[in-house]
Amino acid sequence: MQKSIAGADGVRALACLMVLGHHLGQRLNPLPLSESLQAADFFLWSLSSGVAVFFVLSGMLLSRPFWDAWLDGRPMPSLTTYFVRRAARIVPAFYVAMLILFAVQLWLVPGDQLQAPVLRLVAGLAFVSGFHWLTWFPNELNGPFWSIGLEVFCYAVLPLFLLPLFTLLRRRSFASGIAWWLVGFGLVLLANAAVMALVQVPSEGRGWRFGLVGGAKYWIPNYNPVGFFAQYAFGVLAAGFIAWMPRSAACARLARSGLFDLLALAAIGLGLWPHLKWLALVAETQQMADFTFSWQNQPYFFPWFPASVALLLVSASASRWIGRVLDNPLFRGIARLSFGIYLWHFAVLEILQRTVEPGLRVFGTLSLEQWFGYATLVIALSTAIAALSWWLVEAPALRAVKRWESRRRGSGVPAAAHA
């Protein structure tokens, strides 16, 4: 059984809080606020980068068993087990949310504002919504659904990049594995450059003022599945180091010295750096500077920010203190409910805005006191729904997979290490 990775739960909780803070910050109009409060609100806007944290973390956790097998000289882990676990973790809770919110959007969203709802539903359920601007946002009430299809795309592509480690490379060493992954990362960047050059999006109806479909036209091709696999790749690289370090006597000595705690703090500083640069630029121009400080116009300060997350995961895993600080009881609880919170918080915001408080719209006109009240309500409702999702949908699905794995082991069929 694979050991838990110190700091991983804490990083997952931070990612969840970042995305939640970003979407809550969007609902406050910062212009009437003081300069310091404006800066605080704009900083919340920059925390959309929490999505990148989720991708890097997922890449690390899911590739770790493959790296362990590679370094131990064992066969490649079972892809059947890999995909069954991924389906159990994602599909039930996502499908429940998708189907409920499909019905709710038909009730709340005027027909002239709802483009191709059935097509978008089908594309979302099939996890292919990220391949076209019309289906990019599968549901009009829940923008964050866009990332689920891209995450599943990364799940599918990951084994294709790891397979050559077990089939082509004769010498199994940490250096050769990392070298192969760097080659693969370069190929992904080339593929993303091709996507950026070749994909054309209609200019008519482009922009957030035209709703989510118009926003998708604004995002694409800077947002695309291939580009997000480049973010995911940083997590895979981190997993290689996390798997190798316990096998290195030198790393063990460095861990005892506290050096990895210093590296973790440096990673946090590196991650804050592009956010603060972005904040200064927004304060100067009074405009949202999308796709700035990034290679290939990718979102989320690529590659600086995903690299900092990867460094934090690596260093926290071998740290003396930082990993324990990150994995505090509160963060562990948030991490457990993070998927449900991610799936539901934006829908809670939208439903409240459409039924109770119109001022909750993006860049709304609520007072700071009202905003705090509604933010507290959204957090409470989202957490409650996430808890129901965990106990009624997610946990039973995960237990069913464990029973399936036990039967599989009992029949003599090997299963992969726990991801």
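**Reading loops, a helix pair and the cores**

Analyst: Q296 has a relative accessible area of 27%, which makes this residue partly exposed. The model here is predicted.

User: What is the phi of Q296, and where does the residue sit?

Analyst: Phi is about 55°. That is positive, although Q296 is not a glycine. The residue lies in the loop between α11 and α12.

User: Which value does phi take at F293?

Analyst: Near 55°, again in a residue other than glycine. F293 is also placed in the loop between α11 and α12. Its relative accessible area is 26%, so F293 is partly exposed.

User: How do I read a packed helix pair?

Analyst: Two numbers describe packed helices: the angle between the axes and the distance between them. Apply that to α3 (residues 50-72) and α6 (residues 146-167). Their axes come within 11 Å and cross at roughly 25°. Angles under 35 degrees count as roughly parallel, so α3 is roughly parallel to α6. The crossing is right-handed.

User: Which residues of α3 and α6 make the contact?

Analyst: From α3, they include V51, F55, L62, F66 and W70. From α6, W146, L150, Y155, L158 and F166 are among them. By class, the contact has 15 nonpolar, three polar and one charged residues.

User: What is the general idea behind a nonpolar core?

Analyst: In soluble globular proteins, nonpolar side chains tend to be buried together. In this model, the largest nonpolar core holds 119 residues. M60, W146 and W181 touch the most other members. Helix α3 gives the most to this core, with 14 residues.

User: What does W146 contact, beyond its neighbours within four places in sequence?

Analyst: V51, W136, F137, P138, W219, Y223, F228 and Y300.

User: How many residues are in the second core?

Analyst: This separate core has 13 residues. V348, L360, L366 and A375 are among them.

Conventions
Residues are numbered from 1 along each chain as its sequence is written. This is a predicted model: local features need pLDDT of at least 70, side-chain atom pairs count only at pLDDT 80 or more; totals for chains, interfaces and linings use all residues. Side-chain values use heavy atoms; hydrogens and water are left out. Axes are lines fitted to C-alpha atoms, for helices over the stretch in contact, and angles run from 0 to 180 degrees between N-to-C directions. Helices (H or I, at least four residues) and strands (E, at least two) are DSSP runs, numbered from the N terminus. Angles under 35 degrees count as roughly parallel, over 145 as roughly antiparallel, 65 to 115 as roughly perpendicular and the rest as oblique. A crossing is left-handed if the near helix is turned anticlockwise from the far one by less than a right angle, and right-handed if clockwise. Contact means heavy atoms within 4.5 Å. Ala, Val, Leu, Ile, Met, Phe, Trp, Tyr, Cys and Pro count as nonpolar, Asp, Glu, Lys and Arg as charged, and the others, Gly among them, as polar. Buried means under 20% relative accessible area, exposed over 50%, partly exposed in between (1.4 Å probe, protein chains only). A nonpolar core is a set of buried Ala, Val, Leu, Ile, Met, Phe, Trp, Tyr and Cys residues joined through side-chain atoms within 4.5 Å.
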